[in-house]
Protein chains: 2
Amino acid sequence: MSLTLDPKAWFSESLMDTGIAFSLKTVKKLHEEQSPFQFIEIYETETFGTLMVIDGAIMLSDRDNFLYHEMMSHPVLFTHANPKRVLIIGGGDCGTLREVLKHPGVEKAQQVDIDERVTRLAEKYFPELCDANGDPRAELHFADGIKWVKEAADGSYDVIIIDSTDPVGPAEGLFTKAFYKDCFRSLAAGGYIVQQSESPLLHMHLIRDIYHALDDAGFRDIATLNFPQCVYPSGWWSATMACKDGPIAKFRREDAAKADLKTHYYTADIHQGALAIPPFFKQALYKD
Amino acid sequence: MSLTLDPKAWFSESLMDTGIAFSLKTVKKLHEEQSPFQFIEIYETETFGTLMVIDGAIMLSDRDNFLYHEMMSHPVLFTHANPKRVLIIGGGDCGTLREVLKHPGVEKAQQVDIDERVTRLAEKYFPELCDANGDPRAELHFADGIKWVKEAADGSYDVIIIDSTDPVGPAEGLFTKAFYKDCFRSLAAGGYIVQQSESPLLHMHLIRDIYHALDDAGFRDIATLNFPQCVYPSGWWSATMACKDGPIAKFRREDAAKADLKTHYYTADIHQGALAIPPFFKQALYKD
């Protein structure tokens, strides 16, 4: 009774030895190219709109990218007391940048992705994600994020968002103590970092590694947000947040509730709920 | 770059025209049979333990069934003021029953599944889900749930849990006004119903139908709980709850917090968070 998925009609992904695969029915392949950094494919799917795939891993679809982009941006921005200078490492599809720029208090948002082709293809195939790229507060840089943060002036950012691919290949260095130390140094007092941190069901070992690396880099209080993300393995994803100094603050709930962000998923209640940590997660985190 | 999933090595599911498929890598098929009601398969998977499939749809895996079973039981039981008499329609794998029986106040829990074979196979292949079947408060009946509720005495239950398969095939009648009317009549004052209600991302039309059918049956206040469930389509699932009379109460948060239920996912904070409804959900619910 197992279905046969014709690879001509379905895009299927199974990565990192999870023993699971996720597939989307495709209408046609719209584009493919080998950039200097990675192999990028764009598909039209039957039910999820346009799909971007990098090195065989699904990056985003029209239908459900709002979940990830909203949860990578609004929780951390409503946790910082008054974020003005935001750095996004990765995030070449510009979806996180768009959400960040919905916050009127943000004065500058720099997006630093190593691969300009991701952004150029997003402009063509995901134009709605790029509709804030012309905002005078937005700066798009195509450079190595690790080098960028290494060279950043001390205390030059309020919030750093690591909107990276999986911790294999080009993004591997974005999950290390050395990189987090540079982030720590680049953050101003009261600054926050947030890192996409994979699936709570599948990747607790990676989440634990991220906690240890952040801790080793000097971050003292660490918290994870959980949210659904259909096109990523297991359909359940997370973002892990840490404060440069002192414990992670209660988020600015009233500001979140009264902000008119035109979100599809994020609300103050969703934010609060995303911080609830299940027992299995705590056990896995502290088992060694 | 699309992966080819050999159907000899992977179990793949794609149902209800969602345009997505989910696959688990299998080690071997442990069992298959045509019961009088449905085709049941049991697989050993590489990373998700034992897997049960009914009519081509994944029912449960060892690895992640705790999410669904805990969220189908504890939220509704901590919302009712003092649940003593619980009816489970469907739920033949006994996982929901086990969670229900963790509540010491429950005096009787009846499980009514049409297909005895599901329970017999669960006893063999998912023994940990059946470890409360010998509890003197547990009653296992193998009968038509629709008929059972039709013949139930007025006001004979405090909580009715509809732990059904998808609303196609044998379970279709469990999503109708006629069935909900019988549930309404069978509930005592202050009684609650909860129904598994598919994926918020994929099935908002079904969730809307459930709201309308519950409303038509006399239920006046309706709320949905959201939770992750990797092996179900989109990895994001829901349960919809309604109270026989009056608005849905705030749940007994202190009782939930101090109960020692040995859950892996459910906590009072998770419960609160699961009630947070995203904007897109509200819009889809009330758009007509």
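How many Å separate the centres of domain 1 and domain 2 of chain A? Taken over C-alpha atoms, 22 Å lie between them.

Before going on, keep in mind that this is a predicted model, where local features need pLDDT of at least 70, side-chain atom pairs count only at pLDDT 80 or more, and totals for chains, interfaces and linings use all residues. Residues are numbered from 1 along each chain as its sequence is written, while chains are lettered from A and ligands numbered from 1 in the order in which they are written.

**Domains of chain A**

The bounds come from an automatic or database domain assignment.

| Domain of chain A | Residues |
|---|---|
| domain 1 | 10-61 |
| domain 2 | 65-253 + 268-285 |

Where the two meet, 21 residues of domain 1 of chain A are in contact with 19 residues of domain 2 of chain A; contact here is C-beta atoms, placed from the backbone, within 7 Å. On the domain 1 side, strands E2 (20-34), E3 (39-45), E4 (50-54) and E5 (57-61) of chain A each supply at least two of the touching residues. Strands (E, at least two residues) and helices (H or I, at least four) are DSSP runs, numbered from the N terminus.

**The sheet and its helix**

Chain A has an open, mixed sheet of seven strands, ordered E8-E7-E6-E9-E10-E12-E11. Strands count as paired if DSSP finds at least two bridges between them. At the edges sit E8 (138-142) and E11 (221-228) of chain A, each pairing on one side only. From one strand to the next, the twist averages 15 degrees.

Zooming in, E10 (residues 187-196) and E12 (residues 236-243) of chain A run antiparallel and are joined by five bridges. A:Gln196 stands opposite A:Ala239 in E12(A).

Helix H1 (residues 65-77) of chain A lies across E9 (157-163), E10, E11 and E12 of chain A, at about 160 degrees to E9(A). Such angles run from 0 to 180 degrees between N-to-C directions, with axes fitted to C-alpha atoms, for helices over the stretch in contact.

**The core**

The largest nonpolar core has 174 residues, and A:Ile160 and B:Ile160 have the most contacts inside it. Such a core is a set of buried Ala, Val, Leu, Ile, Met, Phe, Trp, Tyr and Cys residues joined through C-beta atoms within 7 Å; buried means 20 or more other C-beta atoms within 10 Å of the residue's own, again placed from the backbone. Beyond neighbours within four places in sequence, B:Ile160 is in contact with residues including B:Leu87, B:Ile89 and B:Cys183.

**Two copies**

How values were computed. Buried ≥ 20, exposed ≤ 12 C-beta atoms within 10 Å, placed from the backbone.
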